[in-house]
Amino acid sequence: MNLTLTVLLVEDDAAMQLGCVQALQLADIPVRAFDSAEAVLPHIVPGLAGVVVTDMRLPGADGLSVICEARDIDPDLPVIMITGHGDVNLAVQAMRSGAYDFIPKPFSPEQLVEVVQRALEKRRLTLEVANLRRALSLSEGLEGQLVGHSPAIRRVRQLVMEVADSPVDVLIRGETGTGKEVVARALHEHSRRRKAPYVALNCGGLPDSLLDSELFGHEAGAFTGAQKRRIGRIEHAHGGTLFLDELESMPQGVQVKLLRVLQERSLERLGSNQSQSVDVRVVAATKDDLLERARQGSFRADLVYRLNVVNIELPPLRERRDDIPMLLEHFMLLAASRYGRQQPKIPQAQLRQLMARDWPGNVRELRNVADALVLGVGPQWVSPHGPAPDASHPEEQPTLTETVEQFERSLIADALQRHAGHVGQTAKALRIPKTTLVDKIKKHGLGKGEPAVDGY
């Protein structure tokens with residue numbers, strides 16, 4: 001971490017101010033000068049990248065006021081007091097009020113630079129420790145929510161860390177069960193909005209006639225049956241995060257109203273002409289390509305562009321198979337704690353079978369399997385001995401080579417399907433030479449007329 005720290009110097013004597021500034025600049029220390037406490041206080045903020053040097057006697061509020069205000073804003077911020085000759089009592093009072101150090105007049109440029117450099121080093125260390133703790137806390141929290149070590153999930157975690165504390169709206173795209181709401185909650189919990197409401201709404205879970213009222217609220221008498229005012233989900237999420245799942249299901253009339261909320265950060269309840277200001281971050285999720293839907297005319301393009309400032313793509317589980325053992329372990333631990341059961345041991349053969357599966361339900365399906373295994377009622381397709389042997393040779397068990405080849409065939413077939421049979425793109429995705437991929441396609445019988453993926 002390479003922090004550039006700045007000295008905020010408060011000195012009303014023009015000659016003294018100039019001398020201090022020049023001494024610090026000659027020592028390559030950035031400095032900003034102010035001639036009163038009132039002028040510098042707006043620049044003293046929590047986590048300030050720098051230190052404060054102030055004279056005791058100033059016009060208006062004095063140096064002790066600067067120390068006290070700085071201590072209230074950031075108790076760890078070093079403030080150095082410059083005192084007049086014989087002001088020993090004031091120096092003692094300054095130290096008791098929280099000053100880092102004091103410099104009695106007259107003083108040499110070298111003395112000023114030495115004290116300031118010590119204060120800057122202390123401040124640098126304080127900020128580095130605080131940033132490290134914050135990064136570790138965020139990383140540990142995210143790794144407990146977005147489990148896995150594959151490059152794909154690491155990219156997702158990194159993006160969440162980068163945008164969590166920004167006010168920008170986010171669009172999450174991924175297949176069913178990939179963890180879109182988990183990402184939405186992570187964005188909320190690792191932002192400064194975490195103490196405010198997190199409000200979730202499935203746009204496909206309500207009739208079109210109710211979605212408008214559920215989102216925007218209504219006044220009493222707005223429609224038949226509206227006997228009293230209702231606060232909508234958007235207004236309820238004020239100060240926090242609104243998560244809209246299955247955004248592709250939202251009717252176009254509601255899309256228009258949502259776009260206005262995103263643009264103006266205000267809404268009108270159904271049956272009202274009065275605007276309500278709302279401070280809400282919208283995180284939307286979809287399993288569809290909304291730009292393609294927009295080209296087809298079934299979704300508003302302007303809403304897509306408004307939400308698509310930050311786009312988080314969640315990979316399906318079949319594209320991060322290396323994470324399956326870690327995810328399974330994580331979910332079984334949770335299930336064992338929830339059901340008061342012991343965590344079962346999973347044989348290697350069974351784990352290979354789980355890793356070779358296509359997982360159409362993605363992480364959600366794997367979690368259900370983990371629950372079933374802990375309860376001792378695992379799915380019938382999960383054999384404790386791995387994949388079932390050929391029915392014509394019931395005594396045979398697949399060898400290690402056969403199991404590896406089966407797994408390789410499944411990976412290649414899946415990659416070919418995702419890239420519409422394009423060999424060059426598939427080879428790039430699998431990070432192998434194109435000629436090697438062609439040989440493996442022939443070896444595994446994945447040419448034309450062959451099934452794209454193994455069924456289960």
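Analyst: A patch, as the word is used here, is made of residues with over 30% relative accessible area and no salt bridge, with nonpolar side chains joined within 5 Å. In this predicted model, Tyr339, Leu375 and Val377 make a nonpolar surface patch of about 250 Å². Tyr339 belongs to helix H13, which covers residues 324-339. Its relative accessible area is 34%, and because the cut-off for a patch is over 30%, Tyr339 qualifies while counting as partly exposed.

The sheet comes next. Five strands form an open sheet with parallel pairing, in the order S2-S1-S3-S4-S5. Strand S2 (31-34) and strand S5 (101-104) are the edge strands, each pairing on one side only. On average, neighbouring strands of this sheet are turned by 20 degrees against each other, direction ignored. In general, strands of a sheet pair through backbone hydrogen bonds, in either a parallel or an antiparallel sense.

Met81 stands opposite Phe102 of S5. Helix H3 (residues 63-73) packs on the sheet and touches strand S3 (50-55) as well as S4. The direction of H3 makes about 170 degrees with that of S4.

Some backbone details remain. Most residues other than glycine have a negative phi, and most peptide bonds are trans. Asp28 has a phi near 60 degrees, a positive value in a residue other than glycine. This residue sits in the loop between H1 and S2. Asp28 counts as exposed because its relative accessibility is 69%, and the cut-off for exposed is over 50%.

Trp359 also has a positive phi, of about 50 degrees, although it is not a glycine. Trp359 lies in the loop between helix H14 (348-356) and helix H15 (362-375). With a relative accessibility of 0%, Trp359 counts as buried, since buried means under 20%.

The peptide bond between Lys105 and Pro106 is cis, with omega at about -10 degrees. Pro106 is in the loop between S5 and helix H5 (109-145), and S5 is one of the edge strands of the sheet.

Conventions:
Residues are numbered from 1 along each chain as its sequence is written. This is a predicted model: local features need pLDDT of at least 70, side-chain atom pairs count only at pLDDT 80 or more; totals for chains, interfaces and linings use all residues. Side-chain values use heavy atoms; hydrogens and water are left out. Patches are made of residues with over 30% relative accessible area and no salt bridge: like charges are joined within 9 Å, nonpolar side chains (Val, Leu, Ile, Met, Phe, Trp, Tyr) within 5 Å. Accessible areas come from the Shrake-Rupley method with a 1.4 Å probe; for residues, only the protein chains shown count as cover. A salt bridge is a side-chain nitrogen of Lys or Arg within 4 Å of a carboxyl oxygen of Asp or Glu. Helices (H or I, at least four residues) and strands (E, at least two) are DSSP runs, numbered from the N terminus. Buried means under 20% relative accessible area, exposed over 50%, partly exposed in between (1.4 Å probe, protein chains only). Two strands pair if DSSP finds at least two bridges between them. Axes are lines fitted to C-alpha atoms, for helices over the stretch in contact, and angles run from 0 to 180 degrees between N-to-C directions. Contact means heavy atoms within 4.5 Å.
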